[in-house]
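Subject: Structure handover

Hello,

Please find the structure below. My notes follow it.

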Amino acid sequence: MSAKIVVVEDEEDILELIEYNLTKEGYEVIGFLNTKNVEQLLVEEKIDLLLMDRNLPNVEGSEFVASLRKDGFLTPVIYLSAKGLDSEIEEGFLRGGDDYITKPFNMRELLLRIKALLRRTTKNVEDAILSHRDLVLDNSSRTLRVDGKNVEITKLEFDLLSEFILNKNNVLNREYLLENVWDSSEEYQYKTVNVAINRLKEKIDPSKTKEYIVSVRGVGYKLC
């Protein structure tokens, strides 16, 4: 599966040039002229890499990345910026950047750096953050955020929700959950699964309006 790359660049001609070359290399590319909808996309989809300009409307690019890092997003970032002073480059790294390329840049060099960074980080990012809608699970800190707010859950509930997100397009029956979350289906009964799921639903959706997990009658449960 090709990597999914988000490019944030306010100069449309540069954005189109980057999108063209990355698509030609086989990457799935999503372009933005500002940061307005970027964080929501990171919540909803697994993004492998951010290419981030710094001179953006409304928010400076490295400040936006710093806020992402504060919120627990570990998506790798390469800055593409006209800010090329040593102090500015250092600032970019201190604010969460993984690499830094100054403008004007060589497209071939950019492609090589992307490949190198993805080679080092794709697996780690995949392991670290799981997300679905406004649910964000951070495996490195074992924490859950719902709509940007921390929610306390048990280890079992964390593992249960992880399993649902990893299988978000599938209906999971009780046997599967007992074997993969509880490790042994022989020691527990089906009622155990029902109780745990109900408790998890209470914590992630106390108002009962979002319906993250629904029951599929006679089969099991599905994440929606």
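Buried here means under 20% relative accessible area, exposed over 50%, and partly exposed in between, with a 1.4 Å probe and protein chains only. This is a predicted model, in which local features need pLDDT of at least 70 and side-chain atom pairs count only at pLDDT 80 or more, while totals for chains, interfaces and linings use all residues. Residues are numbered from 1 along each chain as its sequence is written, and side-chain values use heavy atoms, with hydrogens and water left out.

L49 has a relative accessible area of 0%, so L49 is buried. This residue lies in strand β3 (residues 49–52); helices (H or I, at least four residues) and strands (E, at least two) are DSSP runs, numbered from the N terminus. Contact means heavy atoms within 4.5 Å. Neighbours within four places in sequence aside, the contacts of L49 include K4, I5, V6, V77, I78 and L118. L118 is 69 residues from L49 in sequence, yet their C-alpha atoms are 7.4 Å apart.

The other notes concern strand β7 (residues 135–138). L135 and L137 on one side are buried, as are V136 and D138 on the other, and both faces of β7 are covered.

Two strands pair if DSSP finds at least two bridges between them. β7 pairs with strand β6 (residues 129–132) in the antiparallel sense over 4 bridges, and H132 stands opposite L135. The β6–β7 hairpin has 2 residues between its strands, and R133 in the turn has a positive phi of about 50°.

Strand β8 (residues 143–146) runs antiparallel to β7, joined by 4 bridges, with L144 opposite L137. In the β7–β8 hairpin, 4 residues lie between the strands, and R142 in the turn has a positive phi of about 55°.

Regards
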